[in-house]
Structures are given as structure tokens and as C-alpha cells.
Amino acid sequence: MALLEVTNLGISFGGLQAVSGLDLSIEPRRLYGLIGPNGAGKTTVFNMLTGMYAPGEGTIRLDGVDITGKNPAFICKEGIARTFQNIRLFQDMSVLDNVKVGMHNRVEYNMWHGIFRDRTYREKEAQMEERSMELLRVFGIDQRAQLKASQLPYGEQRKLEICRALASEPKLLLLDEPAAGMNPNETMELRETVRKVRDDFGIAILLIEHDMKFVMGICEELTVLEYGRAIAHGDPETVCNDPRVITAYLGGDDD
């Protein structure tokens with residue numbers, strides 16, 4: 001059974017059909033790409049998968065559980081985490097605390113433990129800190145744990161956002177333009193990091209990205225959107241040579 005099964009997914013805003021009739025099937029431990037021109041509906045799909053938007057039609061099932069229209073907290077706990085097109089960190093909090101925030105759905109002590117800071121609280125906090133440092137080491141930013149998030153270079157802020165998403169222990173990680181704003185060296189390093197995350201954590205990854213060199217070098221399957229509809233699906237080489245995809249990106253003769 002597929003990890004994520006999306007059937008006939010659609011949503012409209014007023015008279016605009018932003019996404020229509022989308023089918024998507026993602027297997028465990030695979031690297032998928034969702035690509036298309038600006039305005040194709042890619043981030044809207046992410047927003048529906050994570051509960052930020054309620055679909056107008058269709059169903060979303062994660063590991064057999066129907067999560068269609070559920071709230072973001074429920075979906076996160078079921079196993080979907082994401083990053084955003086524009087970095088959304090707690091800039092005035094430490095790097096370490098940003099990661100610990102990602103564990104909110106795994107916290108095992110209640111309000112009273114927190115108020116009195118008893119042994120249960122101290123033990124759980126120590127466990128969270130240890131796990132957070134392990135995640136930071138994966139991304140090579142553990143030495144910056146006590147810095148404010150705003151003090152990190154741009155590329156490391158991107159890594160921290162992925163690190164925070166992993167802290168929620170997802171089955172599926174959604175990356176919205178993870179290479180945006182990165183220089184070529186940072187992009188190459190990120191590509192290896194994403195592969196390592198998939199392999200070491202055993203999760204599936206679905207990413208949106210406009211950098212086609214990045215996409216071709218990392219994704220095993222691609223789905224292409226145009227005006228909210230899927231126009232192609234398959235391995236990267238097949239998709240990128242599809243005449244419909246070429247037209248969508250570059251325009252036809254009349255254009």
C-alpha cells in the first residue's frame with residue numbers, strides 16, 4: 001500500500017479552480033518531485049496535504065488513515081511535516097529551541113510537570129535536548145545550537161527548518177523549494193543532505209523545486225502541474241522530454 005494516496009483532489013477560491021482532479025501516489029522511502037510553472041498550484045497542494053486548506057473535493061489517505069480536511073496538528077501527529085517557501089523559523093529563539101519546538105506533538109509531560117519542573121519534566125527535557133542535538137549533528141550545525149536562529153547564514157537556516165520538521169518524526173516530509181536562494185555549493189550540499197535524510201530516517205520525501213538540475217539529480221519520480229492539473233508523471237528523464245511539459249515551461253510556437 002502506498003504511504004500517501006491522493007485521489008481526485010481539488011480546491012477552488014471563488015471562481016478560480018486552483019487544483020483539479022489530482023491523483024498522487026507516494027511509496028515509502030521514495031523521493032518525489034512536484035514541479036510546474038509559477039502559479040501551477042504546487043504550494044496549494046502542500047497546503048491541502050498539511051491541513052492548511054480543506055480540499056473542496058477528493059480524498060487524502062496517509063498510511064491508510066483518511067486525513068482529508070483534518071487540522072494541521074492532527075496531520076502532523078499522523079506523520080506529515082513540511083518546510084515553507086519562505087523560511088519560517090523562530091528567529092529570536094536559539095537553534096536548539098527551534099528544533100525542540102518541532103517535538104511538540106511528542107511531548108509526554110503535562111502542564112503541572114512544566115509548572116513545578118519536577119523530575120518527569122527534567123527527564124523529558126533532557127531527552128528532547130539530546131534528540132535535538134542528534135538532529136543538528138546530521139546537518140552539521142550542532143556547534144551553533146546556542147545561537148539565535150537569525151544569526152545563522154541563509155543556507156543553514158534552510159537546514160534548521162528541515163531539522164525542525166524532522167523533530168516531529170514524520171513518515172512523509174514535504175519540502176517547499178528547499179534550494180531557493182542557495183548558491184551552487186549550498187545546493188549541491190543540500191542535495192546530499194536530502195538523500196541522507198531519506199536513507200537515515202527511512203522516510204518518503206515530496207519536494208517542490210524550480211531548480212531543474214536539483215530536481216533531475218535527486219528525484220526518482222516527478223508529477224508536473226499546469227493550471228492545477230497534472231499533465232505528466234514518471235521518471236525525471238521521461239517527464240522532462242514530454243512535449244506537454246516543454247510547452248508548459250517554455251511555451252508553444254504561438255507564444
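## Basis of the values

Because the model is predicted, local features require pLDDT of at least 70 and side-chain atom pairs count only at pLDDT 80 or more, whereas totals for chains, interfaces and linings use all residues. Residues are numbered from 1 along each chain as its sequence is written, and side-chain values use heavy atoms, with hydrogens and water left out.

## Helix 1

The buried residues are Lys-42, Thr-44, Val-45, Phe-46, Asn-47, Met-48 and Leu-49. Gly-51, which follows helix 1, has a positive phi near 85 degrees.

## Pockets

A pocket is an open set of points on a 1 Å grid over the protein atoms alone, with protein on both sides within 12 Å along at least five of seven lines, and its lining residues have an atom within 4 Å of a point. Grid points are joined across faces, edges and corners, and a volume is the space filled by probe spheres set on the points. The largest pocket has a volume of about 410 Å³ and is lined by 19 residues, of which Cys-76, Ala-81, Arg-82, Phe-84 and His-104 lie nearest its centre. Helix 2 (72-78), strand 6 (80-82) and helix 6 (154-166) each supply at least two lining residues, and helix 2 gives the most, with four.

The second largest pocket has a volume of about 200 Å³, and its lining includes Met-103, Arg-106, Glu-108, Lys-124 and Glu-169.

## Salt bridges

The structure holds 15 salt bridges, each a side-chain nitrogen of Lys or Arg within 4 Å of a carboxyl oxygen of Asp or Glu. In one of them the side chains of Glu-125 and Lys-100 meet at 3.0 Å, N to O. Glu-125 lies in helix 5 (residues 119-138) and Lys-100 in helix 3 (residues 95-101), so the pair ties together parts that are 25 residues apart in sequence; both residues are buried.

Lys-196 and Asp-200 form a salt bridge at 2.8 Å, N to O, and, being four residues apart in helix 7 (residues 184-201), they are separated by about one helical turn. Lys-196 is partly exposed at 39% relative accessible area, as is Asp-200 at 49%. Arg-198 pairs with Asp-199 in a salt bridge whose closest N and O atoms are 2.7 Å apart; Arg-198 is buried at 11%, whereas Asp-199 is partly exposed at 41%. Salt bridges with shared partners join Arg-30, Arg-198, Asp-199, Glu-220 and Glu-221 into one network.

## Nonpolar cores

A nonpolar core is a set of buried Ala, Val, Leu, Ile, Met, Phe, Trp, Tyr and Cys residues joined through side-chain atoms within 4.5 Å. The largest has 44 residues, and those with the most contacts inside it are Leu-136, Leu-160, Leu-166, Leu-173 and Ile-205. Helix 6 contributes the largest share of this core, five residues. Apart from this core lies another, of 28 residues, among them Tyr-32, Leu-34, Met-48 and Ile-208.

How values were computed:
Buried means under 20% relative accessible area, exposed over 50%, partly exposed in between (1.4 Å probe, protein chains only). On a 1 Å grid over the protein atoms alone, a cavity is a set of points where a 1.4 Å probe fits but cannot get out, and a pocket is an open set with protein on both sides within 12 Å along at least five of seven lines; lining residues have an atom within 4 Å of a point.
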